[in-house]
Amino acid sequence: NGGTVVAVRVLALALIAIVLFSQLAAAGPHRARLASNVDRFVTNGTGVATVIVPGTDAQLDRIARRHGVAIGKRLNGAAVFTATREQLAALAADTDVATIANDDVVKASSMVTAEAVGADQVRAGLRGIGSMTGRLVGIALIDSGVAPHADLRGSVVACVDFVTRVSRCGDAFGHGTHLAGIITGKGGTKGIAPDAHLVSLRVLDGEGTGKTSDVIAAIDWAIKYRKLYALRIVNLSLGHAATTSAYDDPLALAVERAVRAGLVVV
């Protein structure tokens, strides 16, 4: 009868509630997903660490106040915190914190040639298409900057410096200039796309190292100004060791934003 059906349904709901509560109890207290180097710091680190925590500006402000941590810089959907191991342990237990990644040091790297990627064949001309040299294609070169050079005449249309925050062209390390030559060189050794134009986004210092957060800021700059500079490509000949899942890695997530905005990330 109707009363029996209702009783059965109530009993079923009660059983579901019991199962859910038992699962929550078994799961234990909340702990954010930590990058492996952050986890090691929480266990036996000394001093302070700079980490990247995702969230809205309002959430991040509340988190910072709650745990007495300083916000070093703000990113798109995240912020850089400076914290002790005790503060990081507290952050990891905060239900508003889903993941914590280290603001890792990134280092320059490159190993490409025109022959290796087939650029020499593309420039020579493809059947039915003809020669392609990169004309009207903008490339965001995220590296150590670009120094003036005769082989790069007319290539660099803008320079933004995320290291010193003073936007000027220059390269204290040399890696970015080397890459600019590979990409748009007009000398005896022709670049891969000699008629393309570059926007230099400097994130590496004179030692060839930088911070992940500056790379993320540069990627988001390229996304924001992609139409102004006809940007189609982002070049990242740098990186850091993998310490967390790609689903949580702030740099990987920034690259995903760029891809969704229509940029090709190399």
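Helix H9 is followed by glycine 262, whose phi is positive, near 100 degrees. Helices (H or I, at least four residues) and strands (E, at least two) are DSSP runs numbered from the N terminus. The model is predicted: local features require pLDDT of at least 70 and side-chain atom pairs pLDDT 80 or more, whereas totals for chains, interfaces and linings use all residues. Residues are numbered from 1 along each chain as its sequence is written, and side-chain values use heavy atoms, with hydrogens and water left out.

Within the helix, which spans residues 250-260, Pro250, Leu251, Ala254 and Ala258 are buried (under 20% relative accessible area with a 1.4 Å probe, protein chains only; exposed is over 50%, partly exposed in between). The buried residues fall within an arc of 100 degrees when seen down the axis of H9, so they line one face of the helix; the arc is that of the directions from the helix axis to the C-beta atoms. Their cover includes strands E2 (48-54), E5 (99-102) and E15 (264-265) as well as helix H8 (212-224), where contact denotes heavy atoms within 4.5 Å.

Two aromatic pairs are present in the structure. In one of them, tryptophan 221 and tyrosine 225 are tilted, at 4.7 Å centre to centre and 40 degrees between the planes. Rings of Phe, Tyr and Trp (its six-membered ring) pair if their centres lie within 6.5 Å; planes under 30 degrees apart count as stacked, over 60 as edge-to-face and the rest as tilted. Tryptophan 221 is buried, at 16% relative accessible area, whereas tyrosine 225 is partly exposed at 28%. Trp221, Tyr225 and Tyr229 form one aromatic cluster.
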